[in-house]
Amino acid sequence: MIRDYSRIDTAPGAEGENAMFSPPANFAGDRREYLAWLKTEREQQLRFMARIFCGPNRCLNLTVVGHYKEAFEAAFERVCQQRERDLAAFRRGLTNGA
């Protein structure tokens, strides 16, 4: 299945292809609890999204809506920054050994 990662809905109980980072309908946690849920339940999807959109492929038109909009944006930015650091370290490793 192809996912549209350019629009993310974080409202609890949201449905559809844009709701992959939406917690369950009965979720009533605060920002910290959402971030914990995101890490335990959706970390792989978040890392995959970062793999697609980091660096030169960065999604400039990312739209995030819903109750946890700011928390998701912060988590996504951290994952993208970590991925970019990892890629830079990998590239340095390739040039240091040559």
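Q: What percentage of the 98 residues of the protein count as buried?

A: In this predicted model, 30% of the 98 residues of the protein count as buried. The term applies to a residue with under 20% relative accessible area.

Q: Why is Phe 21 called buried?

A: Phe 21 has a relative accessible area of 0%. The cut-off for a buried residue is under 20%, and Phe 21 is therefore classed as buried.

Q: How do you know whether Phe 72 is buried or exposed?

A: The relative accessibility of Phe 72 is 0%. Buried means under 20% and exposed means over 50%, so Phe 72 counts as buried.

Q: How many aromatic pairs does a search of the whole structure find?

A: The search finds six aromatic pairs. One of them is formed by Phe 21 and Phe 72.

Q: What makes the aromatic pair of Phe 21 and Phe 72 tilted?

A: A pair of aromatic rings is described by the distance of the centres and the angle of the planes. For Phe 21 and Phe 72, the values are 4.9 Å centre to centre and 45° between the planes. Centres within 6.5 Å make a pair, while planes under 30 degrees apart count as stacked, over 60 as edge-to-face and the rest as tilted. The angle of 45° therefore places Phe 21 and Phe 72 in the tilted class. This pair links distant parts of the chain, with Phe 21 in the loop between β1 and α1 and Phe 72 in helix α2, 51 residues apart.

Q: Why is the pair of Tyr 34 and Tyr 68 called stacked?

A: The ring centres of Tyr 34 and Tyr 68 are 4.4 Å apart, and their planes stand at 5°. Stacked pairs have planes under 30 degrees apart, so the pair is stacked. Tyr 34 belongs to helix α1 and Tyr 68 to the loop between β2 (63–65) and α2; the two are 34 residues apart, and the pair links distant parts of the chain. Both Tyr 34 and Tyr 68 are buried.

Q: Which residues do ring pairs link into a cluster?

A: The cluster consists of Phe 27, Tyr 34, Trp 37 and Tyr 68.

Q: What makes Phe 27 count as buried?

A: The relative accessible area of Phe 27 is 18%. Buried means under 20%, so Phe 27 is buried. Phe 27 is placed in the loop between β1 and α1. Leaving out residues up to four places away in sequence, Phe 27 touches Pro 12, Glu 33, Tyr 34, Trp 37 and Tyr 68. Phe 27 and Gly 13, 14 residues apart in sequence, have C-alpha atoms 8.0 Å apart in space.

Q: Which residues of the largest nonpolar core touch the most other members?

A: Among the 20 residues in the largest nonpolar core, Phe 21, Tyr 34 and Phe 72 touch the most other members. Two or more residues of this core come from each of α1 and α2, and α1 gives the most, with seven residues. Beyond neighbours within four places in sequence, Tyr 34 is in contact with Thr 10, Phe 21, Pro 23, Phe 27, Tyr 68, Ala 71 and Phe 72.

Q: Why does Arg 7 count as partly exposed?

A: The relative accessibility of Arg 7 is 35%. Buried requires under 20% and exposed over 50%, with partly exposed in between; Arg 7 therefore counts as partly exposed. Arg 7 lies in strand β1 (residues 7–9) and touches Asn 18, Thr 63 and Val 65, not counting residues up to four places away in sequence.

Q: Why is Glu 84 called partly exposed?

A: Glu 84 has 30% relative accessibility. Glu 84 lies in helix α2. The C-alpha atoms of Glu 84 and Arg 51 are 9.4 Å apart in space, the residues being 33 apart in sequence.

Q: Which element gives the most to the lining of the largest pocket?

A: Helix α1 gives the most, with six residues. The pocket has a volume of about 170 Å³. By class, its lining has five nonpolar, no polar and four charged residues; among the lining residues are Leu 35, Lys 39, Glu 43 and Arg 78.

Methods. Residues are numbered from 1 along each chain as its sequence is written. This is a predicted model: local features need pLDDT of at least 70, side-chain atom pairs count only at pLDDT 80 or more; totals for chains, interfaces and linings use all residues. Side-chain values use heavy atoms; hydrogens and water are left out. Helices (H or I, at least four residues) and strands (E, at least two) are DSSP runs, numbered from the N terminus. Buried means under 20% relative accessible area, exposed over 50%, partly exposed in between (1.4 Å probe, protein chains only). Contact means heavy atoms within 4.5 Å. On a 1 Å grid over the protein atoms alone, a cavity is a set of points where a 1.4 Å probe fits but cannot get out, and a pocket is an open set with protein on both sides within 12 Å along at least five of seven lines; lining residues have an atom within 4 Å of a point. Grid points are joined across faces, edges and corners, and a volume is the space filled by probe spheres set on the points. Ala, Val, Leu, Ile, Met, Phe, Trp, Tyr, Cys and Pro count as nonpolar, Asp, Glu, Lys and Arg as charged, and the others, Gly among them, as polar. A nonpolar core is a set of buried Ala, Val, Leu, Ile, Met, Phe, Trp, Tyr and Cys residues joined through side-chain atoms within 4.5 Å.
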